[in-house]
Structure formats: structure tokens, C-alpha cells
Amino acid sequence: YKLSVAPEMDIMEYCRKEWRGNTPVAKRMRKGYEAVAQKFASIRRVRGDNYCALRATLFQALSQATQLPGWLQSEDFTMLPEKLLSKYDWIKQWQLKQKLGRKMGEISDEIKEYLILLRKKWKNISEIKGPIEKQEACDKLFKNEEEEYSLYEALKFLMLNTAIELYNDDKNGRKVPVFSWLLFARDTSSNPYQLMHNHLNPIGHSGGLEQVEMFLLAYALQYTIQVYRLYKYSTDEFITLYPNDPEEDWPVVTLITEDDRHYNIPVRMCQETML
């Protein structure tokens, strides 16, 4: 088994290993890690393929889940692929994970399976009471490639659904968050079809999440994603929230990045910050 999320390691030990030199960049990174170490004791490295933002976010969400989010409980949650495909024929161009001998027309069934798996795993893990057992269940899930990658497909599809809702809200004159304008202001994603084709389909294959898509992920999951952006240390962007005006009742997950491309996860909150 390849573990997608490495075992925990002391944050400052990790930092010393990674950033030895005396360049301005190394000094800034060390300062950044020192600041993170005020709050968290350890770091877990996340496998660096193009899924790492989804992997880090989902791992953190599951490892602290105590209940199934409301949107995962709704009856019609698993009907989403059928519902969207009946309105938007272009979703047939969704790029599923590589499987041999897939026939066209199975796409909604396949995505439905991924959504059902997401609900099942989230429910099972959230019901585990002991923190050690919960962590073991998460580690086990993130060792199972078939299931793990199916969950990322589910997340990508939820991001598409959220993008379609925001796009339609804006067209119908309803208020949308600022990032939604930015999302559709790009030449490469002026509408949901282009977003799917140029940005969501490549995730995990040829590209990861851009910053504006971190907002979309946060909205799709109804989670606040708090990121320590180490290369921004000593600026007001050092700790960035997606979205930056989060809903009060959204749970928060915390990630670390050195470059806005690869994400790792801090674990074990230091005692004093928990109080």
C-alpha cells in the first residue's frame, strides 16, 4: 500500500530537514513554520500528485468529522448526476477516472456510485467516537487507491454543481460571493462548461486547484479552509481563509502550503491553543 498521507512528524524537525540554507526564502519558510508550530505540533505530508488540495482538505474534514453534513443527508443528493445531465448535455464530456471498457451513458451511474461512497465513508468515520480509531479509519481509507480516487471524483462533481448554481444565481440577479465573479471572469472559464472542460477535468491528471478553485471547493463542502501560506509569511495573506467571509456554522479545516500548489496538513493542536 502507498499511504497518501504520510505519518506525522514534528513540524520543526520537518522544517529543518526541508529548509537548511540561509537564502531569504529558506529564512522566510523557517519563520512561517515557527508560526505554525505555535499552534500545531506535527505535520503530515500529503502525496504530491495533482489531487493534493482535494486530498488534504478531505482528509482533514474526515479526521475531525463528528456528524454527516446537512447537504450529504438530503434525499436527492445521489440524484444529482441524473438531474444535471438532464439539463446539461455537455456534462457527458466529464472526464472520469480511467477505466477500461466503459460504455457511454454510464456516466451518471458512475458518479452516483462515487457520491454514495462519499456519504457512506463520511457517515462511518463521523460515527467513530475514539480519536485514535477515527484516525486509523482515515489512514485506512487513504491507503485504498480505488476508493480514494473515487472520492475525489465525487468532490470534483460537487464543485461543478456548486459552480452551476452560482453561475445561474448571478445570471438571475441573485447575490453571489465575489470569488464567483473571479471564477467566471477567466478567459478559460467564462461559463460552467468551460470550467469543467479546462479546469475541473484536468484536476488529478494534468493540473491541481488554482486559488479561486479553493473557494469553490470550500463552498461545495460548506467548510472553511484555512491555509498557512508560508511564502507569504509576514504579510496579511500568511493565513488565508477560503472563503474569506465564512459562514459562522461552517467547520474549519487547516492546511499548509509553501507555494499554493502543494498542500500538507498540520495535526495535533498544541494544548494551549485548544483552550
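Arg186 and Glu210 form a salt bridge, with 3.0 Å between the closest N and O atoms; the term denotes a side-chain nitrogen of Lys or Arg within 4 Å of a carboxyl oxygen of Asp or Glu. Arg186 is located in the loop between helix 9 and helix 10 (192-200) and Glu210 in the loop between helix 10 and helix 11, so the pair ties together parts that are 24 residues apart in sequence. Helices (H or I, at least four residues) and strands (E, at least two) are DSSP runs numbered from the N terminus. Arg186 has a relative accessible area of 15% and is therefore buried, whereas Glu210, at 39%, is partly exposed; buried means under 20% relative accessible area, exposed over 50%, and partly exposed in between (1.4 Å probe, protein chains only).

The structure is a predicted model, in which local features need pLDDT of at least 70 and side-chain atom pairs count only at pLDDT 80 or more, while totals for chains, interfaces and linings use all residues. Residues are numbered from 1 along each chain as its sequence is written, and side-chain values use heavy atoms, with hydrogens and water left out.

The salt-bridge count comes to 18. Among them is the pair of Arg268 and Glu8, at 2.6 Å from N to O. This pair links distant parts of the chain, 260 residues apart: Arg268 belongs to strand 6 (residues 263-269), and Glu8 to the segment before strand 1 (9-10). Arg268 is exposed at 54% relative accessible area, and Glu8 is partly exposed at 37%. A further salt bridge joins the side chains of Lys123 and Glu127 (2.9 Å, N to O). Lys123 is partly exposed, with a relative accessible area of 39%, and Glu127 is partly exposed at 44%.

In helix 7 (residues 131-141), the residues Lys134, Cys138, Asp139 and Leu141 are buried. Viewed down the axis of helix 7, its buried residues fall within an arc of 160 degrees, so they line one face of the helix; the arc is that of the directions from the helix axis to the C-beta atoms. Ile132 and Lys140 are exposed on the other side of helix 7.

Two surface patches are described. Patches consist of residues with over 30% relative accessible area and no salt bridge, like charges being joined within 9 Å and nonpolar side chains (Val, Leu, Ile, Met, Phe, Trp, Tyr) within 5 Å. Val178, Trp181 and Leu182 make a nonpolar surface patch of about 330 Å², and Val178 is found in helix 9 (residues 178-185). A patch of negative charge on the surface gathers Asp245, Glu247, Glu248 and Asp249. Glu248 is in the loop between strand 4 (239-242) and strand 5 (252-257) and is exposed at 84% relative accessibility. Asp249 lies in the loop between strand 4 and strand 5 and is exposed, with a relative accessible area of 64%.

Pro243, also in the loop between strand 4 and strand 5, is joined to Tyr242 by a cis peptide bond with omega of about -10 degrees. Gln222, which is not a glycine, has a positive phi of about 55 degrees; this residue lies in the loop between helix 11 (211-221) and strand 3 (224-229) and is partly exposed at 36%. Ser234, not a glycine either, has a positive phi of about 70 degrees. Ser234 is found in the loop between strand 3 and strand 4 and counts as exposed at 59% relative accessibility.

Terms used:
Accessible areas come from the Shrake-Rupley method with a 1.4 Å probe; for residues, only the protein chains shown count as cover. Lys and Arg count as positive and Asp and Glu as negative; His and the chain ends are not counted. The place of a charge is taken as NZ of Lys, CZ of Arg, CG of Asp or CD of Glu.
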